[in-house]
Amino acid sequence: MPRKYRQVHRKMEETNDLIDDVTVVDVYDIASDIGKECEKIIDLYGADAVTSLMPKVISALELLENLAVNNERENSELLELKSKISQLENDKIEKAEYRQKFEKELEAIEEQWRAESKELLALVSRLQDENRKLAKVRGTSQVAERVSPTEIVNNSDMLQKLQLTLEKQRDEIRVKEKLLQEKCGDMEKMRSQVDRLTNSGRELRRKHKTLQNQVRTLCDERADFLVQLQDQQRDITALRQRLGLAEKENEDLAKSDVSYPSNKAVYDLDDPNRPRFTTAELKDILHERNELKARVSDLEDELETYRPKNATES
């Protein structure tokens, strides 16, 4: 395999290895390498050898630059979305922990309320028993009659205080339940937001993969163009050498004073510049060159067909 072929394939392999992290700087480096190769071709074969190819290479590099810019922007968006998702997940965990803590506190309050309610009910039952006992011994003595109204008043005050305490605890429970419902609503909103961000991240990863495939395709097309250009230049060089030999032989024949038969050609076997190809062979070579040019033109048309429309418009 020629040295230039090996260089092209080596660059293709390096490009495929770094395709996931292609940046604008990488595109500029590739453009610099292509420029150096074109300078070498111009030095060897002249500027006409790359005149028709340079606009296509420039168009491919511009498209690659746009893809690299989009790639960098989408990578930054992916990182931002990942950070937001991580933050939302942390908030979700914190709110879940807060909810568990709140539920435990609510259960403790309910247990305390039940215990106090039982105590209050027991106290009310005991007071009712005492009232019944006091009612039975009401007429036994005047001292008992003087004391009983006071105890009844005290018991009624205690019952009112207990009822107020019970109502206050019920209000606190209602407030806690309302807060719990609000927290549940916030959790549902956060969950829907996390789902939406997850779907957006999945869509961005799909677009990123599509852009990577397009970049790989462009790199392969660029390598094919370089290989075809090298083959074409090699064929042109060989044809020029053969044409130069033929012209030199014609000049030698024209300058020669020796008369030869009109239908015969005489060559010196020791002459290193003697013709080595017949007219039929030269025709075959020219025909092969024309076929190669037609093949290159077909490949260029096929490349234009497969090129993305948005890249062509830009």
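Is Arg114 buried, partly exposed or exposed? Arg114 is partly exposed, with a relative accessible area of 38%. Keep in mind that this is a predicted model.

Now look at the partner of Arg114. The side chain of Arg114 meets that of Glu111 in a salt bridge, at 3.3 Å from N to O. Both residues sit in helix H3. They are 3 residues apart, so about one helical turn separates them. Side chains of opposite charge can pair when their charged atoms come close.

Arg170 is partly exposed, at 34% relative accessibility. Glu167 is partly exposed too, at 38%. Back at Arg114, salt bridges that share partners join Glu110, Glu111 and Arg114 into one network.

In total, the structure holds 10 salt bridges. One of them joins the side chains of Glu300 and Lys56, with 1.9 Å from N to O. Which parts does this pair tie together? Glu300 lies in helix H5 and Lys56 in helix H3, so the bridge links parts that are 244 residues apart in sequence.

Stay with Glu300 for a moment. Its helix, H5, covers residues 279-306. Is Glu300 buried or exposed? Glu300 has a relative accessible area of 17%. Buried means under 20%, so Glu300 counts as buried. Lys56, at 25%, is partly exposed. Leaving out residues up to four places away in sequence, Glu300 touches Lys56 and Phe225.

Next, turn to the nonpolar residues. In soluble globular proteins, nonpolar side chains tend to be buried together. The largest nonpolar core in this model has 23 residues. Among its members, Ile34 and Leu67 touch the most others. Which elements give two or more residues to this core? They are helix H2 (24-45), helix H3 (54-136) and helix H4 (142-255).

Take Ile34 as a way in. Setting aside its neighbours within four places in sequence, Ile34 is in contact with Val57, Leu61 and Arg222.

How values were computed: Residues numbered from 1 in each chain as written. Predicted model: local features only at pLDDT ≥ 70, side-chain atom pairs only at ≥ 80, totals over all residues. Heavy atoms only, no water. Helix = DSSP H or I, 4+ residues; strand = E, 2+ residues; numbered from the N terminus. Buried < 20%, exposed > 50% of the residue type's maximum accessible area, 1.4 Å probe, protein only. Contact = heavy atoms within 4.5 Å. Core = buried A, V, L, I, M, F, W, Y, C linked by side-chain atoms within 4.5 Å. Salt bridge = Lys/Arg side-chain N within 4 Å of Asp/Glu carboxyl O.
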